[in-house]
Amino acid sequence: MSGGDKQPLLQVKNLRKLFPIRKGLLRRKIGLVRAVDDVSFHVEEGEALSLVGESGCGKTTTARCVLRAIKPTSGEILFRTEEDTVIDVSGLSRRELRPLRSQMQMIFQDPVSSLNPRMTLFDIIGEPLQVNGMRDRQQRIDRVEELLRLVGLPPEYLQRFPHAFSGGQRQRIGIARALALNPRLVVADEPVSALDVSVQAQILNLMLELQQQFGLTYLFVAHDLSVVKHFSDRVAVMYVGQIVEMAPSETLFNAPGHPYTEALLSAVPQPDPRLRSRRAALQGDVADPANPPSGCYFHPRCRYAVDICRVEPPKLEELDKDHFVSCHRAHELTLEGVMVGTRAERQPIAGAVSQVSSKA
Amino acid sequence: MENEEQPILSVRNLKTFFFMDEGTVRAVEDASFDVEPGKTLGIVGESGCGKSVTVRSILRIVERPGRIVGGQILLYRNAAGDRPGHVDLTQLEANGPEMLAIRGDEIALVFQEPMTSLSPVHTIGNQLIEAILLHRQVSRREAREIAAELLHQVGIPRPAGRLEEYSFQLSGGLRQRAMIAIALSCDPRLLIADEPTTALDVTTQGQILDLLRSLQEERGMAIILITHDLGVIAEMADDVVVMYLGQTVEKGPVDDIFHAPKHPYTQSLLQSIPSIHSRPRVNLPTISGSVPHPYNRPSGCPFHPRCPEYIVGTCETRAPSLAPVGERQEASCFLYEDA
Amino acid sequence: MTERILPVEAAIAPEQGERIFVASQWQLMWWRFRKHRLAMIGAVAIIIFYLAVIGADFISYSDPEVTEANFSQMPPQPVRLFDGGAFRPHVLGVKGARDPNTFKRVFQTDPNVKIPLRFFARGYKYEFLGIIPTDRHLIGVDEGRAEETIFLLGTDTLGRDLWSRLMAGTRVSLTIGLVSVALSLFLGVLFGGLSGLYGGAVDTVIQRLIEILRSIPTIPLWMGLAAGLPRNWTVLQVYFAITIIISLVGWTELARVVRGRFLALREEDFVMAAELSGCSQWRIIFRHLVPSFMSHIIAATTLALPVMIISETSLSFLGLGIRPPAISWGVLLQDAQSLQSVALSPWLLIPAIPVIAVILAFNFVGDGLRDAADPYGV
């Protein structure tokens with residue numbers, strides 16, 4: 001790295017993941033889905049970076065490549081290990097990855113499918129400990145109990161199976177498993193989107209508390225912008241396999257630089273009927289990553305599109321400090337973000353606020 | 001004048017239970033609300049709150065072992081000749097001719113998952129034309145023209161060509177539009193949309209919500225919108241019904257529900273959701289615990305184990321009933337019982 | 001978003017909650033299986049059938065291979081339980097004769113000759129479970145030979161006792177089913193597992209092989225293979241050859257089940273979680289994948305068994321499977337092949353009853369297992 005700065009915990013350079021489309025008896029390759037197409041970003045130690053976008057934008061594939069749950073087609077994934085050495089994990093084999101696994105863990109979206117229903121909590125949370133060398137059973141029991149307490153579950157639940165728990169509780173179990181090995185990077189793939197509304201806040205609070213307590217670094221994948229705003233330090237917006245904008249959270253929400261970000265922000269339904277000022281909704285559908293349009297992938301839906309957008313793909317460029325935008329017209333456009341403080345000005349809802357928070 | 005006051009549909013103390021081997025699930029326990037003509041009623045609630053079962057009860061398509069065990073569902077019409085001014089849907093044969101006619105001509109339903117509610121082996125056009133022929137006295141050719149016109153109205157580009165396509169050839173958003181077109185084919189007075197945008201992306205969701213609103217303006221139909229997303233409710237609804245574990249806990253005009261909620265559940269729910277406008281990275285107020293499974297429905301007020309205002313000795317012993325609070329709202333809570 | 005409600009959750013009644021919270025997969029499966037009444041009846045029937053397999057010689061009373069020319073084509077003989085008010089089971093003496101006009105065999109019972117039945121009586125010699133030599137049988141007679149006195153289900157054209165032959169046939173037919181299914185299971189898990197685990201070219205080759213095998217009509221395939229068996233092979237050699245022939249087709253279905261589960265499970269998040277925890281391939285397979293589809297395999301195997309049994313029966317019925325002097329259900333039914341024998345001695349069709357019963361029982365149990373196999377609804 002240039003300068004005396006410490007290398008970030010994670011640096012992804014020109015990541016690509018192409019999925020072949022196969023067809024027919026001989027499974028011949030007839031096309032390519034460019035699920036992740038030249039994506040670069042970094043995550044500093046202790047921060048939370050969100051990848052946000054609509055379905056099929058490649059955010060989950062990017063996260064899975066980073067964890068090496070799948071092998072990227074090309075690109076570099078530089079991970080700074082505990083010993084302060086930087087390793088490119090993109091090409092490592094299964095065996096080479098195993099000692100690194102404990103340093104990056106994942107929290108899954110689906111609280112049902114992410115826990116093996118045939119194993120007790122002890123086996124589920126204790127497995128990472130066991131395969132990473134904690135052979136002593138009593139030691140494992142102690143550690144699992146400690147983890148359960150940490151995520152707010154009674155340690156007596158050790159011998160229960162996942163089916164004894166509600167969605168929110170299962171998500172806590174998943175978090176306990178992810179934390180078992182004291183990871184340095186936690187990838188959270190839509191951790192609250194499958195939960196009941198009234199439970200989401202509990203899980204978000206827990207994840208933020210754990211971050212403060214252990215200095216965790218989060219790579220947070222989500223489609224819900226309200227959750228993203230709440231959770232992240234920086235945000236990267238993805239569209240059809242590419243990052244179209246990346247900026248500190250405040251900047252991105254208040255002064256977006258890419259028309260797609262603007263459209264996303266305006267499309268989020270506000271939980272306040274007095275804010276019903278719907279701007280024109282985005283027309284059309286997300287482009288097909290197997291057959292993307294020419295030029296800027298967003299141009300068919302973009303209301304600011306000009307001739308060059310149809311021909312030339314834009315590059316991700318730094319607009320302001322730390323604010324990267326991939327748009328030909330980034331410098332000339334003034335786009336609308338969310339109105340700051342609108343909600344703060346709102347009267348506190350009824351009298352229950354204090355009681356509710358004190359209870360929490 | 002009198003006519004304007006009259007709702008199009010009135011649900012009163014509806015109870016729909018599921019009788020299973022393991023026990024009785026009281027999926028809807030005392031739901032009451034009115035749907036005003038030309039307005040949108042939002043029903044909001046989390047999993048197991050009975051919102052879907054409620055609308056299934058209205059359409060009389062509750063699957064066994066579910067059964068409506070009490071209450072009334074009154075559908076109001078213009079009295080004409082010997083036709084009475086209203087009919088109680090709970091008293092009709094679930095698959096009798098009257099109910100069939102109501103399901104087709106007066107009330108239509110749009111499902112959450114358009115992929116599973118559209119037939120994969122028939123073209124969009126075929127399904128739409130079938131629906132039109134069933135409800136209108138027109139020839140097949142006229143039906144085809146109406147079908148194309150409907151697809152145009154729901155904003156599907158080059159509608160004539162789309163008639164020949166199958167549901168799997170359409171994107172999620174277009175599929176939901178096609179579903180809406182089929183629902184509109186009989187020109188319903190009441191459109192029920194059950195989580196119509198849950199399976200969609202946020203930009204597509206915006207399109208569908210816009211579409212529903214503009215269709216409502218054009219046709220003056222009433223909409224019941226079911227969702228778990230408070231944002232969608234705030235955006236769309238005129239009146240709101242909040243349900244929790246089968247019960248209507250609060251109802252009222254949308255502005256009051258969001259700015260002066262009365263029931264502790266509504267209050268805490270609104271507090272707990274992160275907003276794009278709220279301050280980031282602070283602890284959100286939470287509701288403790290999680291939604292109980294319908295089998296383990298708590299006694300008394302179903303919300304009492306999670307309620308910040310729980311009155312010991314009252315809430316767990318008696319079930320509160322919906323009573324007016326303030327001018328336009330009603331809540332089902334002991335906090336307001338004595339007032 | 002609405003959460004998925006699992007079947008097990010739905011089964012949680014408050015009072016038994018804690019018990020269910022710590023219940024393992026097999027307990028949950030048993031609780032669900034128990035509710036399936038037909039499956040429970042089927043399970044009891046299957047247990048009875050296999051007890052009969054174990055004790056086939058013990059519950060027969062006549063040597064199934066001994067012919068009695070004087071008692072050929074005997075109709076079933078009623079057992080009288082009471083004699084003069086007291087419980088004294090006995091049968092009446094029978095004398096065979098030939099009708100001088102029609103030359104048809106006729107049997108006359110002699111009401112004065114009462115032959116008492118004895119429990120645990122001595123009869124022909126056999127080895128219980130193939131090791132303990134004994135001559136005790138469940139029932140028998142004290143004086144004279146059982147072969148000449150008891151005919152519960154009648155006799156065949158050679159005068160062999162049908163009940164005893166049926167027991168011997170049950171043993172062969174039901175074990176041949178088990179052995180074939182075990183062989184199919186082995187092949188199925190091996191190829192299905194390879195296919196699901198490695199995917200790609202391996203998967204393509206195995207899947208095409210399965211498709212080819214399945215596209216060959218089974219009866220001609222079996223007939224061809226069975227006809228190729230040398231005539232001079234011993235009974236035991238034929239027995240094993242038949243099991244191999246039957247399982248040749250049977251494994252394909254199991255391989256498909258295994259592969260399907262493998263592919264579905266590989267996509268489950270908990271498998272990825274295990275991988276990300278640093279688990280080895282082997283640990284993932286044996287700690288996560290195999291326990292997850294074990295119950296499905298058991299259900300599929302149970303459903304495959306009746307197919308195997310039917311296959312053996314049809315092959316033997318056609319004279320291509322087990323051949324006399326060995327006895328199986330198919331061999332027994334072969335005697336009922338001609339219209340004449342069915343018309344003259346309809347009891348020769350009796351072996352069809354256990355065939356139907358056992359097939360139904362296996363199917364009921366298989367259905368019950370399949371429904372119970374996934375108590376988590378994943």
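Predicted model: local features only at pLDDT ≥ 70, side-chain atom pairs only at ≥ 80, totals over all residues.
When I say salt bridge today, I mean a side-chain nitrogen of Lys or Arg within 4 Å of a carboxyl oxygen of Asp or Glu.

Okay, chain A. Look for E262(A) and R303(A): their side chains meet in a salt bridge, at 3.6 Å from N to O. The pair links distant parts of the chain, 41 residues apart, with E262(A) in helix α9, residues 259–267, and R303(A) in the loop between α9 and α10 of chain A.

Now a pair within one helix. R143(A) and E146(A) make a salt bridge too, 3.4 Å from N to O. They sit in helix α4 of chain A, residues 137–150, and because they are three residues apart, about one helical turn separates them.

E332(A) bridges to R329(A), with the closest N and O atoms 3.4 Å apart. E332(A) is exposed, at 54% relative accessible area, whereas R329(A) is at 18% and counts as buried. The cut-off for buried is under 20%, so that 18% does qualify. Elsewhere in the chain, salt bridges that share partners join E45(A), R80(A), D84(A) and R184(A) into one network. How many salt bridges are there over all chains? The count comes to 40.

Let's do helices next. Still in chain A, find helix α6, residues 197–214. Its 18 residues should span 26 Å at 1.5 Å a residue, and the end C-alpha atoms are 27 Å apart, which agrees. Of those 18 residues, 14 are buried, so α6(A) is largely enclosed by the rest of the structure. Just past the end of α6(A), G215(A) takes a positive phi of about 60 degrees.

Now hop over to chain B and look at helix α9, residues 202–219. This helix has 18 residues and reaches 26 Å from its first C-alpha to its last, close to the expected 26 Å. Its buried residues include V202(B), Q205(B), I208(B), L209(B) and L212(B).

T197(B) is buried, at 4% relative accessibility. Leaving out residues up to four places away in sequence, T197(B) touches Q205(B), I208(B), L209(B) and V232(B).

Most residues other than glycine have a negative phi, and most peptide bonds are trans. D30(B), in strand β2, is not a glycine, yet has a positive phi of about 70 degrees. R60(B) isn't a glycine either, and its phi is positive at about 60 degrees. You'll find R60(B) in the loop between α2 and β4 of chain B, and at 17% relative accessibility it counts as buried. Then P65(B), which is also found in the loop between α2 and β4: the peptide bond from R64(B) to P65(B) is cis, with omega near 5 degrees.

Last stop, chain C. This chain is divided into domain 1, residues 61–158, and domain 2, residues 165–372. Their C-alpha centres lie 37 Å apart, and the contact takes eleven residues from domain 1 and eleven residues from domain 2.

Now find the surface patch. I47(C), L51(C), I54(C), L129(C), I131(C) and I132(C) form a nonpolar patch with about 620 Å² of accessible area together. Which helix gives the largest share? That's helix α4 of chain C, residues 37–54, with three residues. I132(C), on the other hand, is found in strand β4, residues 132–141, and is partly exposed, with a relative accessible area of 45%.

Definitions and conventions: Residues numbered from 1 in each chain as written. Chains lettered and ligands numbered in written order. Heavy atoms only, no water. Helix = DSSP H or I, 4+ residues; strand = E, 2+ residues; numbered from the N terminus. Expected span 1.5 Å × (residues − 1). Buried < 20%, exposed > 50% of the residue type's maximum accessible area, 1.4 Å probe, protein only. Patch = residues over 30% accessible without salt bridge, like charges linked within 9 Å, V, L, I, M, F, W, Y side chains within 5 Å. Areas by Shrake-Rupley, 256 points an atom, 1.4 Å probe, with all protein chains shown as cover. Domains from an automatic or database assignment. Contact = heavy atoms within 4.5 Å.
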